[in-house]
Amino acid sequence: MTVDDTGSGAGGDGRVDPHAPDNGEDPLALRLEQLILGAERRYTPFQAARSAGVSMELASRFWRAMGFADIGQAKALTEADVLALRRLAGLVEAGLLSEAMAVQVARSTGQTTARLAEWQIDSFLEGLTEPPEPGMTRTEVTYPIVELLLPELEEFLVYVWRRQLAASAGRVVQTGDDEEMVDRRLAVAFADLVGFTRLTRRMEEEELGELVEAFETTAADLVAARGGRLIKTLGDEVLYAADDAGTAADIALRLVETLANDETMPELRVGMAFGTVTTRMGDVFGTTVNLASRLTSIAPRDAVLVDSAFAEELIRTGEAPASEAEAAEAAAAAEKEGEDPPVYRFALQPMWQRPVRGLGVVEPWLLTRRDGQS
């Protein structure tokens, strides 16, 4: 619900906010809005900015960053909107955040919660508000359901956010080098369903949606359970990261193994790279990420390719031998000394070097699990 600096009821591109108040607005929609927001409409954007002690320009930047549409100077804002402006502006005035950082906070929060809200309405609320009895309308069911769910969902959202914040803060605190708080060395992986484009032409939309949801759920569960972090899902592809190469490797192989045992799933290919990664607003960027993406595109079906830096990291940490000959030598030496042989979790096989557009010549390694390791 942002403001159009020109004072008109349309955004800069000429669009009109479909949620802007007008004389013909659905009374139930207004009641639901008041229930969810916990307050009545009282302010125009200009009045809200003035009440918060914030310039109209800064208020507009905050609202647009949060993803709210321009509403001109309609009276559609509440006391909560004023309070939100005061809080953001107060963080800037206190020197805790720069103005640019405050806008980033607004943008990251808006983008994340917008997706969550859309999912809850599309996949969750619609099913719950199906009329339970003939003759009842959905509108008669929606309000009491939202009234019951709202406090519970709000508490749960805050709980999950605090848990995630604690985990992220812990990772940052454990980082020894201040520069690594932004530019960190991570293992980055893309997992991609093979032949997804062909599937979209053969499957019904509902079937396709179920397949994508099953893939994303499986991937998200495995990544979280094994200690990785799901960065984003792209329908037929997921991007995840891990602090160490061994964790990322285990996740990749488990994904391939899990989907291979599911007859309803297409084959999977995974590409991974290890190196410096720039993190911004929960996403990752840089050459390492680009390399992982390229390796995914050339990976064989039901296989995992890693770059040379990833292979070197597994070798350095003792999770993979440099070669099978080295593994045999280490085992023979241990046996001679009466010691247990080293246990390697993974095996690496060098592949043909090849040029990759924009990244030069790369040396992919095929990653597999060693016999007896799981």
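Here are some friendly notes on the cores, salt bridges and one surface patch of this predicted model.

1. Let's start inside. The largest nonpolar core has 40 residues, and Met 272, Phe 310 and Leu 367 touch the most other members. Helix 9, which spans residues 245-260, is the element that gives the most to this core, contributing 9 residues. As general background, nonpolar side chains in soluble globular proteins tend to be buried together.

2. Leu 367 deserves a look on your screen. Setting aside neighbours within four places in sequence, Leu 367 is in contact with Ala 249, Leu 253, Met 272, Val 304, Val 306, Leu 314, Phe 346, Ala 347 and Leu 348. Apart from this core lies another, of 21 residues; its members include Ala 59, Phe 62, Trp 63 and Ala 102.

3. Now to the charges. The whole structure holds 17 salt bridges. One of them joins Arg 229 to Asp 243, with 3.3 Å between the closest N and O atoms. Arg 229 sits in strand 2 (residues 229-233), while Asp 243 is in the loop between strand 3 (237-242) and helix 9; the two residues are 14 residues apart. Are the two partners buried or partly exposed? Arg 229 counts as buried because its relative accessible area is 15%, under the 20% cut-off. Asp 243, at 39%, is partly exposed.

4. Asp 250 is buried, with a relative accessible area of 4%.

5. Which elements does the pair of Arg 369 and Glu 257 tie together? Their side chains form a salt bridge (3.0 Å, N to O). Arg 369 is in strand 10 (residues 365-369) and Glu 257 in helix 9, so this bridge connects parts that are 112 residues apart in sequence. Arg 369 is buried at 15% relative accessibility, whereas Glu 257 is partly exposed at 34%.

6. A network of salt bridges links Arg 226, Asp 250, Arg 254, Glu 257, Glu 319, Arg 345 and Arg 369.

7. Finally, the surface. Leu 116, Trp 119 and Leu 157 make a nonpolar patch of about 280 Å². Leu 116 is placed in helix 5 (residues 99-128). With a relative accessibility of 31%, Leu 116 counts as partly exposed, and patch members need over 30%, so Leu 116 qualifies on that criterion.

Methods. Residues are numbered from 1 along each chain as its sequence is written. This is a predicted model: local features need pLDDT of at least 70, side-chain atom pairs count only at pLDDT 80 or more; totals for chains, interfaces and linings use all residues. Side-chain values use heavy atoms; hydrogens and water are left out. Patches are made of residues with over 30% relative accessible area and no salt bridge: like charges are joined within 9 Å, nonpolar side chains (Val, Leu, Ile, Met, Phe, Trp, Tyr) within 5 Å. Accessible areas come from the Shrake-Rupley method with a 1.4 Å probe; for residues, only the protein chains shown count as cover. A salt bridge is a side-chain nitrogen of Lys or Arg within 4 Å of a carboxyl oxygen of Asp or Glu. Helices (H or I, at least four residues) and strands (E, at least two) are DSSP runs, numbered from the N terminus. Buried means under 20% relative accessible area, exposed over 50%, partly exposed in between (1.4 Å probe, protein chains only). A nonpolar core is a set of buried Ala, Val, Leu, Ile, Met, Phe, Trp, Tyr and Cys residues joined through side-chain atoms within 4.5 Å. Contact means heavy atoms within 4.5 Å.
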